Amino acid sequence: MELGEIEAASLRLVPQLLNVAVELVEGSLVGVAVARPGERVSGGEIKAALALEMPSSYIPAEWHLRGAMPLGSAGKVDHTAVSKWVTDQRTAATWGAIYDEMYFADGLQVDDGCEEPTMDWAAYTDSFTGKMHERATIAEWVDETAKEVLAFKPRRVVEMGCGKGMILFKVASQPHVAQYIAADLSKQALGHVERTWASEFAAASLGPAGLAKLRTEARDASNFDGFGGGFDAVVCNGVSMYFPSASYLLDVLAGAVECLADGGVMHLGDVISLPARPLLVLRTARHMTHSFSELQSEETRGELLDAAKDRCYEPNFFYELHARGLLPSVAAVEVQLKRGSIMSEFSRYRYNVLLHVGPPVEPRPLVEVPSSAAASAHELAAAFASAAATAPGAALGSFGLDNGRLTADEALVSGGCDAEAAAVEVGVGPHGGVCPEEVRVALEEALPAHHAVVTWARNGARSQLDAYAVPRASLRAGLRAVELSAAAALSAEALAAPFDAERATNAVKTADAKKQGNYLSEALLNELKEKWSGGDAGTKKAAVMALVVSFLGVSSDGVLPGDTFAQHGGNSFLAMSIVASLREVFGACVSVFVVLTEPFADIASLVVASTDSRPGSPSGDGSSQWVVKRRCSRGRKQLPLLEMRLEAPSPSFVFFPMAGGSPEQFAPLFVALARVTPRATCYFVQPPGRGAREGEPHAATIEQYTLPIVDAIAEHLPQMRHGPCVFVGDSWGSVAALLVAQALHAREGFCPCHVVVSGNESLEATSRYNGLGAYDDTPIGQLSDSALEAFLRASGAEPSSITPAVIGALRADCQLYEDFTLDEATAKPLPCGGTVLLGRQDGVTARADLIGWADAFEEDELHLQRVPDSSHHIFAEQPELIAATLEKLVGGPERQLRAVNMSVAQQFKLDLAQRSPTTQATEAKKIDSSFSLLGPPCAFVAKGVAFEQLQAYRTGNFLYRSGSAHGSKGELGALAAQAQAYPVGL
């Protein structure tokens, strides 16, 4: 099937769509769609519509929605531009994950003893010192940026890339600001903004809109969809250095301009100058790593420039965009060197770009003020004032002034001398020039009716500047004159040449490109395919290892076979990319869970096994099974039944995923659990319709979901009985865990010793709620995919994890949740203990409904544990803490030697009945003499208690046999009477 056929089907089946492009990006189909004006549609809805007519292999799993489609000269979709845009979106999402960590990482926090929640510059480190920037530097940087925005008195503001809100709090708190939309890729940063806004500002001081004026959005800087128009300001400060390309920057500018009303201003702040980049890079090296003599090597300089990670831009790029008509509705482009009296990396190499929106204007005439008059900033200002008196209404300009903030760097880079420049300083150093801020202030004082522009020199000299003054009464006309003067270097021939945005920026070698798989060269792929096609099992495993570790940016020699993906910085996004590449390169199928949890050597073995399996047989990783078994300690041989029972007991855990979830949800917990309970065996419920079973239909009824799990667990009961067993359920998985445990108890006489539930209201509350529980009482059938996506975002899901498959699985599971009804059978309490876990920042679970879980268990005590610094996704956010909790429930290493989860002699004989006649005959002879030893030891009994009485208690008390640490409603205590207890063991 051609890509065009998929596009045509999408437009036919989803009438809300105006345009569609389907691209093959890095080996996977990706859809990009534009909705008709006034219409809203989600990627999940598009995928569901396509599923009505075509196989899943032709349906893009990843969909992006955007406001307009890039078109070529003939008015057709520019597919190259679309593919590039998709790659940029993926890179931006990677930066979001990075900043989620950096904003709150140890060592990157503000710790200067001054408690000011609205000034949190976590992760802002000084390139010249490697330490956090000083408060004075950041305070001036924020104040000057906010002052620039507020100078135009905006009422409605959008900020893209708001971070932890330092500029936001200065601007949004002004009473004349009626609306402020703050967007950022980091949901954790947005959470900080929301909490600080609510706690630090009084509604009465904020104007008529009060606290409600602020709205936050988790999105990238180029996504203005749904904002509408009529805004007075769009702010995007300090993020352009992380943009994936200049084309992405152009998307940001275009989206911002479209949002603005006439008279509005786009503020693009903290842009790093491409011409000044060598000055920044070599000055940083001189401060941190290299001597002056070392920096004289061209090879060393080249290496330093190649390694520099920040994206920089040619200042003339913005003039060129306007000259080419790529900034429609912009009247003038203004480029300003960063304001502020403190010289730092902010004010030395960076500049702001202001796009003034409005109808075209005729430029004011420009009068040159000779620079020879500029012995100082004040003398220059006096010369400007004199020129203004003789040419009223004209724009004034002086050119080619030495920039006192860069003259020392120029001397260093030219090799003239080892010119010193402190990381932070004020004023002009010994290498001369004028201070840009002193020039700007002097001009504004001498000409209060004028607006000062201090910008890069039009002659192209990177360490020089030009200064202008334009009448405020005709601001845009004056700025247009400045723009034409500054852009004089743009020749007609240059503007007539084909446009290439990437010429205006530097190439950046960053981890984000690596994480997208772009580094898998054609040569490497061909080499791996050749090894795979002609090699034995060992060669194939080596090829798999090479592919997997290449995603981590290391060679196979850099890892040990026993190393895991997580040890080398792997995450779920990379794991999904690896699974896709394994399928494409080797035709192999393993689950994301395997990549996240297994050692590299085992991943390679499972990949080879999956391709060697007979057609129709399950793959080596258990991808087609309802329950997947994983041992915390690999390579442990299976013991004979009797030998296993005499061995120290092994705990087991059964994990039930959340609605829409799969075993991957528990991967971080499994890694943490393996460290504290190495003897444990974990069983992961793997429902159909998602993850490794994505191609299978969802369970349509509760019985279709739970009964296959009961059957699958029953096969593992002989092993599970040999130690304490804990069921762990999350969200809908909590309900499923209870239902499965009840069914096992009724059918097999087996009950876990403990059940841990999380992120879900009690069974009684579940019976009352619709599909999304307390979060939204709308029936699941009436909720759109967009509403489900909003629920996932509110619950704390990573944006990159919200795929059409996940939304489809969520919808199916939530329907089961909605169908659940508490009746006599399901209301019967389990003879075991219960623990409820709840993230402290969980925004979707009703806390008042949690107490009802006490009715689900026979034990008198119900434990409620609040999980700190976590949302609805506690298992991913606090795996170490949850692992410690589970380890305590099975008693730790000491208790694992004492507490056992097994039945009495009859059950032992039943186990033997499943074995061969020879084995039965051999081991049955040992039953009478051995079973007293095999019986579960009691943690304590009283002196004087007859052994027959203890045996009767053991035989008749199911809760004791199931491994409960607490006994059954005091029966063990009654047995002990008043006598002194003492330990009894085998």
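Let's start with Glu818, which sits in helix H30, spanning residues 804-819. Helices here are DSSP runs of H or I with at least four residues, numbered from the N terminus. The model is predicted, so local features need pLDDT of at least 70 and side-chain atom pairs count only at pLDDT 80 or more, while totals for chains, interfaces and linings use all residues. Residues are numbered from 1 along each chain as its sequence is written, and side-chain values use heavy atoms, without hydrogens and water.

Glu818 is buried but has no salt bridge, and the nearest side chain of opposite charge, Arg811, is 8.7 Å away. Buried means under 20% relative accessible area (1.4 Å probe, protein chains only), and a salt bridge puts a side-chain nitrogen of Lys or Arg within 4 Å of a carboxyl oxygen of Asp or Glu.

Now for helix H10 (residues 316-323): 6 of its 8 residues are buried, so the helix is largely enclosed by the rest of the structure. Among the buried ones are Phe317, Tyr319 and His322. Just after H10, Gly325 takes a positive phi of about 80°.

Next come the cavities. A cavity is a set of points on a 1 Å grid over the protein atoms alone where a 1.4 Å probe fits but cannot get out; its lining residues have an atom within 4 Å of a point. The largest cavity holds about 190 Å³ of space. Among its 21 lining residues, Ser731 and His872 are two of the closest to its centre. H30 gives the largest share of this lining, 4 residues.

| Class in the lining of the largest cavity | Count |
|---|---|
| Nonpolar | 12 residues |
| Polar | 7 residues |

Definitions and conventions
Helix = DSSP H or I, 4+ residues; strand = E, 2+ residues; numbered from the N terminus. Buried < 20%, exposed > 50% of the residue type's maximum accessible area, 1.4 Å probe, protein only. Lys, Arg positive; Asp, Glu negative; His and termini not counted. 1 Å grid on protein atoms, 1.4 Å probe; cavity = no way out; pocket = protein on both sides within 12 Å on 5 of 7 lines; lining within 4 Å. Points joined across faces, edges and corners; volume = space filled by probe spheres on them. Nonpolar A, V, L, I, M, F, W, Y, C, P; charged D, E, K, R; others polar.
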